[in-house]
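Hello,

I am handing over the structure below, and my notes on it follow. Please read them with the model open.

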Amino acid sequence: MNITTDSCVIRGRHQVGVISQQLNYQGTGTLVRITRGGICGSDLHYYQHGRVGNFMVKMPMIPGHEVTGYVVKSDNPGLAEHQKVAINPAKACGHCKYCAAQQENQCTGMRFFGSAMYFPHVDGGFSQYIIVDSAQCIPFDHQADEKVMVFAEPLAVCLHATYQAGELQGKKVFISGVGPIGCLIAAAAKARGATEVVCTDISPRSLAMAQQMGATLTLNAADSDFSPYLAEKGYFDVSFEASGHPASLIRCLDVTRARGTLVQVGMGDDIPGFPLMTLIAKEIRLTGSFRFTSEFALAVKWLENGTVDPRPLFSGEYHYSAIEAALIFAGDKQQAAKVQLTF
């Protein structure tokens, strides 16, 4: 089965457009007609800088890893034609030691949508049609709002972060940096039973979104008084650092109580002069959080049943042919949180 499909392609810094290509479906895996996709920070980095970290765009690459669509054909009898699906963008190798331990996010052969980690690069989901492993397709109800279901991947990231912190029932939680990920962490923490969810950021707009997403209190990072949270070796049981900024991490260390937990979610550069003695003396458990494992299916379920409502983060949509305009708007953090493409 041959299909001509349009795809959004990034060629390097400030080079983006739409190309047509041929797909040949031979009955293996699932052929999905993509209907909607969310623009992520990594997509913006590839567009704005031609790279994400050390991964540089060296050839044309289809971006996008937050996508939904419907089944056209599948080798899985459980995936009927026209079934709506959210696509898990992570395809683990299935046989390394991490996959064997159900730690697929650490897979040594991971193929993740829209990534320049490998050469040739791994194409993403910003395309009218895509062929994926059937296990990557997570069905959802036809009545569910696709604008909502596109949030499955970022919500999965946030769910994984909350599970890295352990039990949250009855806990006091602090979140520093409330862009879309910080806001979704707030919603997930609240849903998992946190009694206090205090969020901080320098953006009044971000703080307003955090309040809509479940924050019990918001504090401007630039001029609020944090002293009540510093007494007696800190106040919060769990802190999430979601900005990647050094000052944000240090504040998390300061306000987390002795023997509390700090989850590093935001990506950033190394921090010279990291206050290691604070970490040691307060016996704070510092853990990283990277992507997700089984949380993707849980994210689909929570969005489908309304446990988390991400709509306060939705900033607008563009037809895929206007991909550059969509990327420019998504990069304006004074106006946009999450921008989606329609196919």
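**Aromatic pairs and overall build**

F126 and F343 are both buried, where buried means under 20% relative accessible area, exposed over 50% and partly exposed in between, with a 1.4 Å probe and protein chains only. The model is predicted, so local features need pLDDT of at least 70 and side-chain atom pairs count only at pLDDT 80 or more, while totals for chains, interfaces and linings use all residues. Residues are numbered from 1 along each chain as its sequence is written, and side-chain values use heavy atoms, with hydrogens and water left out.

The structure has ten aromatic pairs. Rings of Phe, Tyr and Trp (its six-membered ring) pair if their centres lie within 6.5 Å; planes under 30 degrees apart count as stacked, over 60 as edge-to-face and the rest as tilted. The ring centres of F126 and F343 are 6.2 Å apart and the planes stand at 35 degrees, so this pair is tilted. It links distant parts of the chain, 217 residues apart: F126 is in the loop between β9 (111-112) and β10 (129-132), and F343 is in the segment after β19 (338-342). Helices (H or I, at least four residues) and strands (E, at least two) are DSSP runs, numbered from the N terminus.

F174 and F226 make an edge-to-face pair, with 6.4 Å centre to centre and 85 degrees between the planes. F174 is in strand β12 (residues 172-176) and F226 in the loop between β14 (217-220) and β15 (236-241), so the pair ties together parts 52 residues apart in sequence. F174 counts as buried because its relative accessibility is 0%; F226, at 6%, also counts as buried. One aromatic cluster is formed by F174, F226, Y229, Y235 and F236.

R251 lies over the face of F226, at 3.8 Å from the ring centre. The charged end of R33 sits over the ring of Y129, 5.2 Å from its centre. For a charge to sit over a ring, NZ of Lys or CZ of Arg must be within 6 Å of the ring centre and within 35 degrees of the ring normal.

As for the whole protein, the secondary structure comes to ten helices and 19 strands. Buried residues make up 53% of the 343 residues. The C-alpha trace spans about 65 × 40 × 40 Å along its principal axes. Among contacts (heavy atoms within 4.5 Å) between residues at least 6 apart in sequence, 67% join residues at least 24 apart.

Regards
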